[in-house]
Amino acid sequence: MAGNWKMFKNPAETSAFFEKFLPQVASATHCEIVLCPPAINIPAAVAATAGSRVGVGAQNLYWKNEGAFTGEISGPMIKAAGAEWVIIGHSERRQFFGETDATVLERTKAALAAGLKPIVCVGEMLAEREAGETEAVLTQQFDGGLAGLTPEQFAQIVIAYEPVWAIGTGKTATPEMAADAHRIIRARVEAKFGGNTAASVRILYGGSVKPDNVKGLMAQPEIDGALVGGASLEPSSFASIVNF
Ligand code: PEP
């Protein structure tokens, strides 16, 4: 269960969140729990979660380790700050910051080289779904962004299926729609990396997951977890999603 805070909260608000959140998930051992705050809040999140089962992630990274790349942060920097995870290829990065399948692949390799666990996002836009192109889009994103990994690299990643039309809109994919998309992705994984890998890769669903719809989504065997945006900002809300 992963939370993406996007560009919300400062360091003091980060510490305050965990003070309320950690006691509410103290007995949750059925899943991994990860929060991805803005990078500036990673030290506060790492300090607040020390000794707990909650992991911390970044929301993006650049694929070079260091250099003249103003405004960027690298995998080794994220790792040194104490985070273990990183979201890659979020649709907001694709829509607003020029992320492509090729750069998703570069970032994923860089994250793995730095010892981070990537959560790689894929998903179709509304127009693509309405045009019946969901499978083609997911296939293209998988082939361009993930199929270039070695089997050893691929075994370490988590995929998040996030239909763009469901992100921040309050429109959730029905559990059946989400499961269908997960099956498409898993079939690509099987074709490229084999049945064992397809069975073991974790595929999260993301897009307006809330305390009142998480149960139905998680009832689908195809759905291994959730990547949660808005509803991860409030401690009780994210805790009840984790404790679905
Ligand atoms: C996200 O940011 O990854 C996301 C799924 O957002 P929301 O839950 O707010 O739709």
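So, Glu 32, Glu 84, Lys 117 and Arg 202 are linked in a network of salt bridges. By salt bridge I mean a side-chain nitrogen of Lys or Arg within 4 Å of a carboxyl oxygen of Asp or Glu. Quick word on the source: this is a predicted model, where local features need pLDDT of at least 70, side-chain atom pairs count only at pLDDT 80 or more, and totals for chains, interfaces and linings use all residues. Residues are numbered from 1 along each chain as its sequence is written, and side-chain values use heavy atoms, with hydrogens and water left out.

When I say helix or strand, I mean DSSP runs numbered from the N terminus: H or I of at least four residues for helices, E of at least two for strands.

The cut-offs: buried is under 20% relative accessible area, exposed is over 50%, and partly exposed is in between, using a 1.4 Å probe and protein chains only.

How many salt bridges does the structure hold? Eleven. Another of them joins Arg 94 to Asp 101, with the closest N and O atoms 2.7 Å apart, and both of those residues are buried. Then there's Asp 143 with Arg 188, at 3.0 Å between the closest N and O atoms. Asp 143 is in helix H7 (residues 134–145) and Arg 188 is in helix H9 (residues 175–193), so that pair ties together parts 45 residues apart in sequence. Asp 143 is partly exposed at 35% relative accessibility, and Arg 188 is partly exposed at 29%. As a general point, side chains of opposite charge can pair when their charged atoms come close.

Now some helices. H7 has twelve residues and reaches 16 Å from its first C-alpha to its last, close to the 16 Å expected at 1.5 Å a residue. That expected span is 1.5 Å times one less than the number of residues. The buried residues of H7 include Val 137, Leu 138 and Phe 142.

Helix H5 (residues 101–113) has 13 residues that should span 18 Å, and its end C-alpha atoms are 18 Å apart, which agrees. Asp 101, from the salt bridge with Arg 94, is among the buried residues of H5, and so are Val 104, Leu 105 and Leu 112. What do the buried residues of H5 pack against? Strand E4 (85–88), H4, E5, H7 and helix H8 (151–154). Just after H5, Gly 115 takes a positive phi of about 85°.

On that topic, most residues other than glycine have a negative phi. Lys 9, though, has a phi near 85°. Lys 9 is in the loop between strand E1 (2–4) and helix H1 (11–24), and counts as partly exposed because its relative accessibility is 25%. Ser 208 also has a positive phi, about 55°. Ser 208 is in the loop between strand E7 (203–206) and helix H11 (214–218), and at 9% relative accessibility it counts as buried.

Last, the pockets. On a 1 Å grid over the protein atoms alone, a pocket is an open set of points where a 1.4 Å probe fits, with protein on both sides within 12 Å along at least five of seven lines, and lining residues have an atom within 4 Å of a point. The largest pocket has about 540 Å³ of space. It is lined by 20 residues, and the closest to its centre are Lys 6, Gln 59, Asn 60, Arg 93 and Phe 97. Which helix gives the most to that lining? Helix H4 (residues 91–96), with three residues.

The second largest pocket has about 220 Å³ of space, where volume means the space filled by probe spheres set on the points, which are joined across faces, edges and corners. Of its 15 lining residues, Met 1, Glu 32, Arg 202, Leu 204 and Asp 224 lie nearest the centre. Two of those names, Glu 32 and Arg 202, also belong to the network of salt bridges I opened with.

Note on methods
Contact means heavy atoms within 4.5 Å.
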